[in-house]
Amino acid sequence: MHGMLVMIHIVLLFFYVRHWEHHVTFAFTPTNNDFWPVVLSASLQAFYTIYTAVLLFLTQRLAISRTLVRRVKLTAVHDISGAWAGLGSALTGVWRQTDIPASWWTTSAVAAYLASITVLHVTSSTLLQFQTFNASMTTSVPTTLGWLDDSSYSYLTDLGPITTSLPVVNHLTGLVSAGLSNTTLYDTLKTTAIAGNATVNATTVASSCGLVPNVTYSANTSTAIVPFGPVATRMLNASTLWSDQIHIIPWMEYEDSYGGVSELPGVYLMVSTLLGIDPSVQDEVAVNMTWAIPDIATPYVIQVYFVYCSLSANTTDGVVNMQTNSLLSPTSISQPSTQWEMYQFGWSNTSWQTQIGSALATPDSSSGITFDGTPSQITELSVADEYIMSLIGLNLTEESTQFRDNSPPISNFTLRPDELEFAVARAAAQLIWLAGQMGTANGGIDPGNGTAYVNEEFIALRLNINLLPLAFAASASVIMLGLALHMTRAFHASHDSQAAIPNIGVLQLLWLGHRSASINEVLEDVQHPTEANLRRAGMIDVCLTKTISDKEEFRNSTDSLSWCSRLPS
């Protein structure tokens with residue numbers, strides 16, 4: 001049984017190393033949190049109490065029996081028998097050995113054995129415990145799609161009126177702007193009751209801008225003939241701009257040189273800022289426009305550049321916090337342009353690029369700010385124009401004030417290509433997000449539904465082995481095994497003799513005194529029956545055995561009791 005106890009602790013130690021006990025889990029509820037820990041602690045205490053009680057009973061009987069059949073001091077028999085009464089008695093017996101040493105080792109062994117049992121009792125309730133931990137599991141939850149596929153953009157879709165709401169988006173934060181992060185659109189979860197993170201589709205809108213060369217401008221008609229590809233051209237309305245302005249040119253379907261109808265996916269702009277381009281290509285891309293001011297003879301010359309910005313989208317996996325619906329993982333942004341270059345036209349039949357470009361170029365959403373010179377020079381920028389200018393750092397209201405104060409139209413702002421690309425991409429992403437938020441009932445687009453896989457986090461209970469109590473319990477069980485083997489003399493057991501009496505107590509001592517005159521003689525010399533005197537008198541060798549003759553039946557056996565020499569029968 002001692003070996004089985006040691007094996008139990010070895011198995012628990014192996015479980016601890018592998019953490020196999022963590023597979024026993026319970027949901028964290030008030031009932032489980034209050035009930036199961038109590039049941040576990042009470043069960044462990046009950047098991048160790050009953051098990052050690054059986055061990056103590058068997059070990060004590062065997063140890064005393066093996067002591068009585070050996071040649072030992074009578075005082076040693078008294079000390080060893082008394083030590084088994086309890087840990088306190090055992091410690092007292094060890095202390096008495098300092099006065100009259102009769103059985104140093106055996107009484108110390110009994111005290112160590114009982115102390116080990118006490119260690120098992122103390123550690124039993126903490127050996128195994130239930131602990132809370134953060135668990136997770138993968139599950140699916142419904143989502144609202146953040147990116148609208150091409151099937152959502154029909155020829156009847158008109159997102160132009162939504163552009164008037166673009167300036168509001170920058171003031172939205174938290175749950176109000178869920179689904180949009182800078183230029184990234186991502187799916188949002190329809191439930192916030194689950195704690196954890198979800199993997200969703202995240203689509204980043206990017207833009208690539210380039211200069212359009214060889215534009216033919218007519219001041220008389222305020223029109224410009226611009227190339228739409230290698231051979232196709234298109235005449236567009238090109239009103240004169242004030243300095244440091246950006247204007248999205250409205251455009252519609254046009255016929256190419258092959259007689260087909262095509263659409264240019266992207267945004268066409270007129271820019272009247274400084275660009276910092278190489279002087280060698282200045283004449284190729286710059287268009288000189290004049291701004292005539294009443295009462296001033298010489299009109300101002302403003303250099304305007306025609307810029308085309310294409311749109312693209314890249315979809316990757318994004319990580320979203322389920323309770324806040326905020327995007328946690330950073331989104332990759334395409335490498336921005338570092339210097340202005342000529343744009344290389346390419347055709348595309350993706351509907352979303354066409355719809356977004358057309359919506360941003362709508363002339364119906366006026367900013368309400370007008371720049372008027374001569375009757376033929378009246379420029380009124382749209383809300384989308386003003387918004388893109390604000391993203392870059394231009395203030396249309398301040399420019400209007402300067403215009404009313406008759407300040408000259410001199411450009412002092414240098415526009416970088418990456419600034420314009422980010423502004424166009426951000427305006428496009430916000431427009432798509434607004435369309436999905438408004439839905440078809442309010443002039444937007446139905447975003448559609450999807451599914452996301454969620455790494456749900458929750459608190460649970462699991463079984464845990466405590467190493468420190470296990471180390472003490474395992475050490476105590478090993479010590480008990482070694483002491484039990486020694487005290488019971490398991491490997492030196494005698495098969496032809498047994499103790500004449502099973503224990504040493506008051507009744508057994510009275511019986512021995514009655515049967516043996518030698519005991520009476522030893523004790524008669526003790527005048528004062530103190531513990532020390534009696535122990536000193538008992539320092540004589542005894543061997544209380546019954547010898548069973550092998551030649552006779554057990555029931556007719558001849559019993560002989562020895563007191564070093566055989567006692568009289």
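**Exercise 1. Find the residues in contact with Thr-273, leaving aside its neighbours within four places in sequence.**

Solution. Contact means heavy atoms within 4.5 Å. Thr-273 then touches Asp-244, Gln-245, Tyr-305, Leu-394, Ser-411, Phe-413 and Leu-415. Now place the residue. Thr-273 sits in the loop between strand 14 (267–271) and helix 7 (282–285). Helices (H or I, at least four residues) and strands (E, at least two) are DSSP runs, numbered from the N terminus. Last, accessibility. Thr-273 has 2% relative accessibility, so it counts as buried. The classes are buried under 20% relative accessible area, exposed over 50%, and partly exposed in between (1.4 Å probe, protein chains only).

A note on the model: it is predicted, local features need pLDDT of at least 70, side-chain atom pairs count only at pLDDT 80 or more, and totals for chains, interfaces and linings use all residues. Residues are numbered from 1 along each chain as its sequence is written, and side-chain values use heavy atoms, with hydrogens and water left out.

**Exercise 2. Describe the disulfide of Cys-209 and Cys-309.**

Solution. A disulfide is a pair of cysteine sulfur atoms within 2.5 Å. The structure holds one. In the Cys-209 to Cys-309 pair, the S to S distance is 1.9 Å. Next, locate the ends. Cys-209 belongs to strand 7 (residues 195–211) and Cys-309 to strand 16 (residues 300–321), so the bond ties together parts 100 residues apart in sequence. Then the handedness. The torsion about the S-S bond is about 110 degrees, so this disulfide is right-handed. Both Cys-209 and Cys-309 are buried.

**Exercise 3. Characterise the packing of helix 5 (residues 104–127) with helix 12 (residues 467–487).**

Solution. Start with the geometry. The axes lie 8 Å apart, at an angle of about 150 degrees. Helix 5 is therefore roughly antiparallel to helix 12. Axes are lines fitted to C-alpha atoms, for helices over the stretch in contact, and angles run from 0 to 180 degrees between N-to-C directions. Angles under 35 degrees count as roughly parallel, over 145 as roughly antiparallel, 65 to 115 as roughly perpendicular and the rest as oblique. Now the contact. Helix 5 contributes residues including Trp-105, Tyr-113 and Leu-120, while helix 12 contributes residues including Phe-472, Met-480 and His-486. By class, the contact residues are 19 nonpolar, four polar and no charged. Nonpolar covers Ala, Val, Leu, Ile, Met, Phe, Trp, Tyr, Cys and Pro; charged covers Asp, Glu, Lys and Arg; the others, Gly among them, are polar.
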